[in-house]
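I opened this notebook to keep track of what I looked up, entry by entry. The structure itself comes just below.

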Amino acid sequence: MGIPFGIGIGWYKKMAYIFDPFINAMNATPRVALLPLIIIWLGIGILSKIGIIFIGAVFPLMINTRDGVKTTPITLVDAARSFGASQWQIFKSVVVPSTVPFVLTGLRLAVGRSLIGVFVGELYAATAGIGFMITVAGATFQTDKVFVGILIFIITGLVVTDILDRIERRFDEWRPKVGALQ
């Protein structure tokens, strides 16, 4: 949901005027502060965990996608227009390739925020799960179980980040070549 909505906000100025204040306010709000509302609305269980994870992940992805669309080089758009490209052709051949690196960065940020969401969701709004296990083990001084839970989060983060790295490498040629990083 973050990618198409971010594209819409970046591509259509009216949409940006309507939704940008809300997106910026939600991004600035600590997700943990929303936890009581999410529990009231969705209950204790899997739905509240999904809600917390969604709120944590969608905004970095949406903001990065929006900024990727907005920072598409205008010279490339003008060049495509001068060759008679339609809006759809400009979008798929200029905007999408220039936005992909931003989307991938947004995904990388979303992974971290999602793992935090899983932990916080299970910490406060669950009766089972790894976060719950860590909480119970910490309260009963079972250090080994705390380390196992933390290790599971670390391994999950590493695996998902590695998958994103592999995907990013497939799109490396779409990244702009700049400065000393060449």
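My entries on helices, salt bridges and a surface patch follow.

**Ground rules.** I note that this is a predicted model, in which local features need pLDDT of at least 70 and side-chain atom pairs count only at pLDDT 80 or more, while totals for chains, interfaces and linings use all residues. Residues are numbered from 1 along each chain as its sequence is written, and side-chain values use heavy atoms, with hydrogens and water left out.

**Helix packing.** I looked up helix H6 (residues 87–124) and helix H7 (residues 130–139), which pack at an angle of about 60° with their axes 7 Å apart. That makes H6 oblique to H7, since angles under 35 degrees count as roughly parallel, over 145 as roughly antiparallel, 65 to 115 as roughly perpendicular and the rest as oblique. Helices here are DSSP runs (H or I, at least four residues), numbered from the N terminus, and the axes are lines fitted to C-alpha atoms over the stretch in contact, with angles running from 0 to 180 degrees between N-to-C directions.

**Salt bridges.** I searched the whole structure and found seven salt bridges, each being a side-chain nitrogen of Lys or Arg within 4 Å of a carboxyl oxygen of Asp or Glu. I first wrote down Asp-20 and Lys-70, whose side chains meet at 3.5 Å, N to O. Asp-20 lies in helix H2 (residues 13–28) and Lys-70 in helix H4 (residues 46–70), so the pair ties together parts that are 50 residues apart in sequence. Asp-20 counts as buried at 13% relative accessibility, whereas Lys-70 is partly exposed at 43%; buried means under 20% relative accessible area, exposed over 50%, and partly exposed in between (1.4 Å probe, protein chains only). Both residues also belong to a network of salt bridges that links Asp-20, Arg-66, Asp-67 and Lys-70.

I then turned to Asp-165 and Arg-108, whose closest N and O atoms are 2.4 Å apart in a salt bridge. This pair links distant parts of the chain, with Asp-165 in helix H8 and Arg-108 in helix H6, 57 residues apart.

Which residue does Arg-166 meet in a salt bridge? I found Asp-162, at 2.9 Å from N to O; being four residues apart in helix H8, the two are separated by about one helical turn.

**Surface.** I also noted that Val-159, in helix H8 (residues 143–170), is partly exposed with a relative accessible area of 44%.
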